[in-house]
Amino acid sequence: MPGKDQRGVVRALLDAHGRGYAEEAGIKLADKPGPLYQLQVLATLLSARISAQIAVAAARELFAAGYRTPARMLGASWQDRVDALGRGHYRRYDERTATLLGDAARLCQDRWRGDLRRLHAEGGADAKRLQRLLTEFPGIGPTGADIFLREVQGVWPDIAPFADAKVLDGAKRLGLPTAAGDLAALAPAGQLPNLLSALVRVGRDRKAAEAIAG
């Protein structure tokens, strides 16, 4: 049974850092083709060695430009994608990523007919199978697949609880359980993805972790 101290840590963590990356990028996550594709784009951007803040800003610029579906991403020119990424200050990787986004949109259209619910249907509740399918997208490696699954479990509940190594690093730093099921037991209803994203943040930021731990 989780202790009161652990629940207090979770409350403080959610108060300070309890927004998922999808929410920060303006994605209204739902089990629908548009939001799922947008999450795939965000996972691609977060996979590069660049700050999460810049990746989220770049995603917001792409979506503001109208590139919210694979068809719209493919309809944009390579330069249009480069320009949107540049507006989000995603500059070191903008040209390569513009190409990857186009290639990934083509794969989404060709294999999944623009609907990642089909990917879910093929992978089922098997997180490892879903990871393998996600890493077929250009620009998404194991880290990007983990990001996608961490965020999407709120609308794909059959894969929950899913906690990757970066989540568990943050949990360890705060003295919280390092098993996905135990973390899920600590999360308020509907807040598991936000809790896990918050744990990633404190896993990367010692000062943030110390502020939560008190």
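This is a predicted model: local features need pLDDT of at least 70, side-chain atom pairs count only at pLDDT 80 or more; totals for chains, interfaces and linings use all residues.
User: Where is Q153, and which residues is it in contact with, leaving aside neighbours within four places in sequence?

Analyst: Q153 sits in the loop between α10 (142-152) and α11 (165-173). Beyond those neighbours, Q153 is in contact with I159, A160, P161, F162, L192, P193 and L196.

User: What makes the pairing of the Q153 side chain with R150 a polar contact?

Analyst: A polar atom of the Q153 side chain lies 3.0 Å from the backbone oxygen of R150. The cut-off is 3.5 Å, so the pair falls within it.

User: Now D126: why is it called partly exposed?

Analyst: D126 has a relative accessible area of 39%. You'll find D126 in the loop between α8 (117-123) and α9 (127-134), and a polar atom of its side chain lies 3.1 Å from the backbone nitrogen of K128.

User: And the largest pocket: what is its volume, and how do its lining residues divide?

Analyst: Its volume is about 180 Å³. The lining, including E23, E151 and P193, divides into five nonpolar, four polar and two charged residues. Asp, Glu, Lys and Arg count as charged, so E23 and E151 go in that group.

Note on methods:
Residues are numbered from 1 along each chain as its sequence is written. Side-chain values use heavy atoms; hydrogens and water are left out. On a 1 Å grid over the protein atoms alone, a cavity is a set of points where a 1.4 Å probe fits but cannot get out, and a pocket is an open set with protein on both sides within 12 Å along at least five of seven lines; lining residues have an atom within 4 Å of a point. Grid points are joined across faces, edges and corners, and a volume is the space filled by probe spheres set on the points. Helices (H or I, at least four residues) and strands (E, at least two) are DSSP runs, numbered from the N terminus. Buried means under 20% relative accessible area, exposed over 50%, partly exposed in between (1.4 Å probe, protein chains only). A polar contact is a pair of N or O atoms within 3.5 Å; within protein, one must be able to donate a hydrogen and the other to accept it, and residues adjacent in sequence count only if both atoms are side-chain atoms. Contact means heavy atoms within 4.5 Å.
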